[in-house]
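This briefing covers a chain and the partner chain that it touches. The model is shown first, and the notes follow by topic.

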Amino acid sequence: MASRINADSSNGLQLVSDSSGEVQIQSNGVTVATINSSGLSMNSGTLAGNGPAFAAYQSSSQSINSGAYYKTNFQSEFFDTDDCYDTTNSRFLPTVAGYYYVSATIMSTGPTGHHNAFAVNGTIVRYGGNISNLSTYGVCNTALIYLNGSTDYVEYYTLFSGNQTINVSVPAASWFCGNLVRAA
Amino acid sequence: MTLYEKIKTLYPSLELQDFIAGTGTILLQNDGKGDYIKSWNHPTETQPTQEELDNV
């Protein structure tokens with residue numbers, strides 16, 4: 001059986017392998033990727049997604065009263081590939097539906113308990129970092145969350161066990177980042 | 001006095017763990033416009049009214 005490129009009015013463009021069951025993508029005569037029954041694999045180079053990604057940090061220190069989850073401000077950006085991060089509201093509202101890996105670290109100016117959470121559309125959906133009495137070290141949390149690509153946004157909330165401020169004396173000590181890992 | 005401190009004054013038996021997401025049953029939140037009670041599901045203590053909080 002010969003390899004075929006098949007385009008018809010109902011199934012779109014199809015690449016059909018020969019009896020080997022394998023389709024190769026070549027550049028200048030060199031195979032860079034192979035598709036077979038196991039899926040797509042790279043023979044050389046790296047397969048990387050190009051979904052939305054951002055990284056932001058707190059540049060102006062925020063005071064947090066004890067006992068309540070405060071939306072944490074990250075007013076400055078390291079990068080924002082698709083202009084999906086809102087520095088005014090400190091929220092990430094991506095325009096591609098899918099599963100996003102998000103991460104954040106908070107450093108306090110003095111000893112306090114750290115309790116942190118990710119919130120989607122204002123409601124806490126993942127919590128962690130429950131450290132009872134931490135000094136000036138940061139607490140990092142991560143989560144994998146689904147965002148619908150149109151209205152869903154993710155923010156980060158911080159609860160301190162005592163009234164404290166977030167430490168910004170060390171450049172970029174408190175930060176928030178995320179990226180698409182799988183489209184919906 | 002913060003909202004947390006007012007609630008602690010009204011209900012001295014409450015502890016910080018009662019306010020921690022996941023383990024607690026009371027959730028106080030601040031979205032940038034002041035502290036408020038996001039949810040209150042404590043099994044024995046009833047949610048204080050605004051008047052009760054104002055009088056603390």
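In this predicted model, the C-alpha centres of domain 1 and domain 2 of chain A are 42 Å apart. Domain 1 spans 4-42 and domain 2 spans 53-183 of chain A, with bounds from an automatic or database domain assignment. Local features need pLDDT of at least 70 and side-chain atom pairs count only at pLDDT 80 or more, while totals for chains, interfaces and linings use all residues. Residues are numbered from 1 along each chain as its sequence is written, and chains are lettered from A and ligands numbered from 1 in the order in which they are written.

**Chain A overall**
- Chain A has 18 strands and 0 helices (DSSP runs numbered from the N terminus: E, at least two residues, for strands; H or I, at least four, for helices).
- Its radius of gyration, 22 Å, is well over the 16 Å that the globule rule gives for 184 residues, so chain A is more spread out than a compact globule (taken over C-alpha atoms; the rule is 2.2 Å times the number of residues to the power 0.38).
- Along the principal axes, the C-alpha atoms of chain A fill a box of roughly 75 × 30 × 25 Å.

**Interface with chain B**
- 14 residues of chain A are in contact with 15 residues of chain B (C-beta atoms, placed from the backbone, within 7 Å).
- Strands E8 (69-71), E13 (112-120) and E14 (123-134) of chain A each give two or more residues to this side.
- E8(A) pairs with strand E1 (residues 26-30) of chain B in the parallel sense over 2 bridges (pairing requires at least two DSSP bridges).
- A:Tyr70 stands opposite B:Asn30 in E1(B).

Definitions and conventions: Two residues are in contact if their C-beta atoms, placed from the backbone, lie within 7 Å.
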